Amino acid sequence: MIVTNTESIAGYRIVALKGLVQGNTVRAKHAGRDIAAGLKNLVGGELKGYTELLTESRRQAMERMLQQAQQLGANAVVNVRFTTSAVTAGAAELYAYGTAVVVEPEATA
Amino acid sequence: MEFLCPLGFVLFFLALGFFVGSNVERSHFRDLERRESLHRDFLVTQVDHFPFRQGGAKPPVIVMADTVIACDYLKAFLAFWRNLFGGEVRSYNRMMERARRESILRLIEAARQQGYNAICNVRLETADIGGSVVSPQNNRPAMAAIQATATAYVAGMPSS
């Protein structure tokens, strides 16, 4: 499966459109991370727990999106976009969406 | 004497922000500069096509990076005063800059690790993980959460 956030894929030709695919996940931060973040907020620096949380959720949302694409018989997803929305104070939603397509390699001249 | 206790805490935290916080920030900026100079030859573009793309190379792939940077107590304190008078909040400027530059560097490092030498269509977004949009009254400490996305590919570099 080829996944890009561009509209086209260099070296490949889109031969069929399979439509919009999407995946989401709502994650809550656990209290331990909140406490660690509170301490970090005194001295500054990276909040590694939150960074991991974002990365994990992104991966999860994307996995779900790819599952959909696979079911549709696509072999690539183009123009992938991510958005976050805060559902409540303790949780955030990560949403990934893209267009499932079938591509084939361009004949190399 | 009792009322001095919270004041002591505040002063202690401010000092912590002043000494530890600015030290953390300085060393982060140094680290960013060092790593950026390592990747000068990497082609980073924000356009949605593939400049100098090498024919017959391996397929492009999406790369992602997230960075969450916390502000320190001193920054929050300064921003609070800035809020009263208005104007540019420089301490938060630097916090956002750190998160963005770090995210882009992580994109580059991820792409390089997978054997690519260029990324295009770099997109940077802020994420609201503190929940300050849904409940602004809960006064959470400020943080910069940046999500970066790009597509990595192999470019035939124009010979220089």
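Guide: The answer starts with conventions, goes on to the interface and then follows the salt bridges into each chain.

This is a predicted model, in which local features need pLDDT of at least 70 and side-chain atom pairs count only at pLDDT 80 or more, while totals for chains, interfaces and linings use all residues. Residues are numbered from 1 along each chain as its sequence is written, chains are lettered from A and ligands numbered from 1 in the order in which they are written, and side-chain values use heavy atoms, with hydrogens and water left out.

The contact (heavy atoms within 4.5 Å) draws 39 residues from chain A and 49 residues from chain B. Between them the two chains bury about 3,400 Å², and carbon and sulfur atoms account for 58% of that. Buried area here is the accessible area, taken with a 1.4 Å probe, that two parts lose on being put together, summed over both.

Polar terms also cross the interface. The rule finds 12 residue pairs in polar contact between chain A and chain B, both residues being at pLDDT 80 or more. A polar contact is a pair of N or O atoms within 3.5 Å; within protein, one must be able to donate a hydrogen and the other to accept it, and residues adjacent in sequence count only if both atoms are side-chain atoms. On the side of chain A that touches chain B, the elements giving two or more residues are strand E1 (2–3), helix H1 (31–43), strand E3 (44–46), helix H2 (48–71), strand E4 (76–88) and strand E5 (91–105) of chain A. Of these, E4(A) gives the largest share, 8 residues. Helices (H or I, at least four residues) and strands (E, at least two) are DSSP runs, numbered from the N terminus.

There are 2 salt bridges between chain A and chain B, a salt bridge being a side-chain nitrogen of Lys or Arg within 4 Å of a carboxyl oxygen of Asp or Glu. A:Arg58 pairs in this way with B:Asp66, with 3.0 Å between the closest N and O atoms.

B:Asp66 also has a partner in chain B: its side chain makes a polar contact with that of B:Gln147 at 3.1 Å. B:Gln147 lies in strand E4 (residues 143–153) of chain B. At a relative accessible area of 3%, B:Gln147 is buried; buried means under 20% relative accessible area, exposed over 50% and partly exposed in between (1.4 Å probe, protein chains only). Neighbours within four places in sequence aside, B:Gln147 touches residues of both chains, including A:Leu54, A:Arg58, A:Thr84 and A:Leu94 as well as B:Ala65, B:Asp66 and B:Arg123.

Over all chains the structure holds 18 salt bridges. One network of them links A:Glu46 with B:Asp31, B:Arg34, B:Arg35, B:Glu102, B:Arg106 and B:Glu109. Within it, B:Arg34 and B:Asp31 form a salt bridge with closest N and O atoms 3.0 Å apart. These two are about one helical turn apart, because they are 3 residues apart in helix H1 of chain B. B:Arg34 is partly exposed at 47% relative accessibility, and B:Asp31 is partly exposed at 26%.

Helix H1 of chain B has other charged partners in helix H3. B:Glu25 and B:Arg94 meet in a salt bridge of 2.8 Å, N to O. That pair joins distant parts of the chain, with B:Glu25 in helix H1 (residues 4–38) and B:Arg94 in helix H3 (residues 90–113), 69 residues apart. B:Glu25 is buried at 8%, whereas B:Arg94 is partly exposed at 34%. B:Glu33 and B:Arg101 form another salt bridge, at 3.9 Å between the closest N and O atoms. Here too the link runs from helix H1 to helix H3 of chain B, over 68 residues.

As for the chains themselves, chain B has 3 helices and 4 strands, in the order α-β-β-α-α-β-β from the N terminus. Chain A has 2 helices and 5 strands, following the pattern β-β-α-β-α-β-β. Buried residues make up 41% of the 160 residues of chain B and 44% of the 109 residues of chain A.
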